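Subject: Structure handover

Hello,

Here is the structure we talked about. Please open it alongside this note; the findings follow below.

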Amino acid sequence: MTTPPLPRRLLAEYLGSALLAAIVIGSGIMATTLTPDVGVQLLINALATAMGLTVLILVFGPVGGAHFNPAVTLAIATLGGMRWRDAPAYVVAQIAGCASGAILGNAMFALPAVTISTTARATGANLLAEVVAAAGLVLVILALVRSNRLDWVAPAVGAYIGSAYFFTASTSFANPAITIGRILSDTFAGIAPASAPPFIAAQLLGAAIAVGLAVLLYPRTVIVVAETPGDPGEPGTLTDAAAHVEPETQRSGAH
């Protein structure tokens, strides 16, 4: 199996990110139309997101790796699972996708395409929660990748995000791209522009913590293979990161 060319991987990242944002925004809007109970609204939003994210990883993972999240992309690049030169393009595709998905979510419910959110969320408790949410998400992914349990990535990530909706004060954004997308919808899942930068900073801090923990718990080095077109081991996806590992004692290198 050869790794798809970068444009195809970026398309997968864009589409997956767009659908993820549409799921988050759309289910939030639907929830508020179905019930005034905030707890039930959150439950609807959480279930839709958890199930939808699981499916999106299964659909787009074989093409682009199904990162859908700059924090995940940067963590994987840091550990050598993809080339750094591809990471900026992934991040741009993810942000563009989430922005498009937010617009789509608004449009599906006959709302203006863009409505800037007025929901302020950047409290101390929420920022701490975002560090925890992002650290947990990235650690789940890296732990499964570095221990070669790739079949569990989709259900584990979906389950983690579903639970993190309820055990974190911030309802677990855990994703800089989706945070930016949520600015564009003044609905249940929205976030005010002023709250986004501290949320993103907290998410990136959480991802950095997860990288450190992954190296300590799973001391393996990911090998980046030579740039040979069509090489089945060419990095860039979650699966590639696990397919080329050696024990730390056999190979030294930057994580």
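At what angle do α3 and α4 pack, and how far apart are their axes? The angle is about 170°, and the axes are 9 Å apart. (Axes are lines fitted to C-alpha atoms, for helices over the stretch in contact; angles run from 0 to 180 degrees between N-to-C directions.) That makes α3 roughly antiparallel to α4. (Angles under 35 degrees count as roughly parallel, over 145 as roughly antiparallel, 65 to 115 as roughly perpendicular and the rest as oblique.) From α3, the contact uses Pro70, Thr73 and Ala77; from α4, it uses Ala87, Tyr90, Val91 and Gln94. (Contact means heavy atoms within 4.5 Å.) By class, these residues are five nonpolar, two polar and no charged. (Ala, Val, Leu, Ile, Met, Phe, Trp, Tyr, Cys and Pro count as nonpolar, Asp, Glu, Lys and Arg as charged, and the others, Gly among them, as polar.)

Some ground rules. This is a predicted model, in which local features need pLDDT of at least 70 and side-chain atom pairs count only at pLDDT 80 or more, while totals for chains, interfaces and linings use all residues. Residues are numbered from 1 along each chain as its sequence is written, and side-chain values use heavy atoms, with hydrogens and water left out.

**Overall layout**

The protein chain has nine helices and two strands. (Helices, H or I of at least four residues, and strands, E of at least two, are DSSP runs numbered from the N terminus.) Along the sequence the pattern reads α-α-α-α-α-α-α-α-β-α-β. Of the 255 residues in the protein chain, 54% are buried. (Buried means under 20% relative accessible area, exposed over 50%, partly exposed in between, with a 1.4 Å probe and protein chains only.) Take the contacts in the protein chain with a separation of 6 or more: residues 24 or more positions apart account for 77% of them.

**Cores**

The largest nonpolar core has 52 residues. (A nonpolar core is a set of buried Ala, Val, Leu, Ile, Met, Phe, Trp, Tyr and Cys residues joined through side-chain atoms within 4.5 Å.) Ile57, Phe68, Leu142 and Val157 have the most contacts inside this core. The elements giving two or more residues to it are α1 (6-34), α2 (38-64), α3 (70-78), α4 (87-108), α5 (124-146), α6 (153-167), α7 (176-182) and α8 (196-217). α5 gives the most, with eight residues.

Look at Val157. Leaving aside neighbours within four places in sequence, Val157 is in contact with Leu53, Ile57, Leu137, Val140 and Ile141. Another core lies apart from the largest one. This other core has five residues, among them Phe173, Ile183, Ile191 and Phe199.

α2 and α6 pack at an angle of about 165°, with axes 8 Å apart. They are therefore roughly antiparallel to each other. α2 passes α6 in a right-handed crossing. (A crossing is left-handed if the near helix is turned anticlockwise from the far one by less than a right angle, and right-handed if clockwise.) Contact residues of α2 include Leu53 and Ile57; those of α6 include Val157 and Ile161. By class, this contact has 14 nonpolar, five polar and no charged residues.

For α1 and α4, the angle is about 35° and the axes are 6 Å apart. Their crossing is right-handed. The contact of α1 with α4 has 16 nonpolar, seven polar and two charged residues.

Most residues other than glycine have a negative phi. Two residues here are worth a look. Ala66, in the loop between α2 and α3, has a positive phi near 55°. Ala66 is buried, at 6% relative accessible area. Ser172, in the loop between α6 and α7, also has a positive phi near 55°. Ser172 is buried too, at 3%.

Met82 sits in the loop between α3 and α4. Its relative accessible area is 2%, so Met82 is buried.

Leu205 is in helix α8. With 47% relative accessibility, Leu205 counts as partly exposed. Leu205 and Glu130 are 75 residues apart in sequence, and 9.1 Å apart in space, C-alpha to C-alpha.

Best wishes
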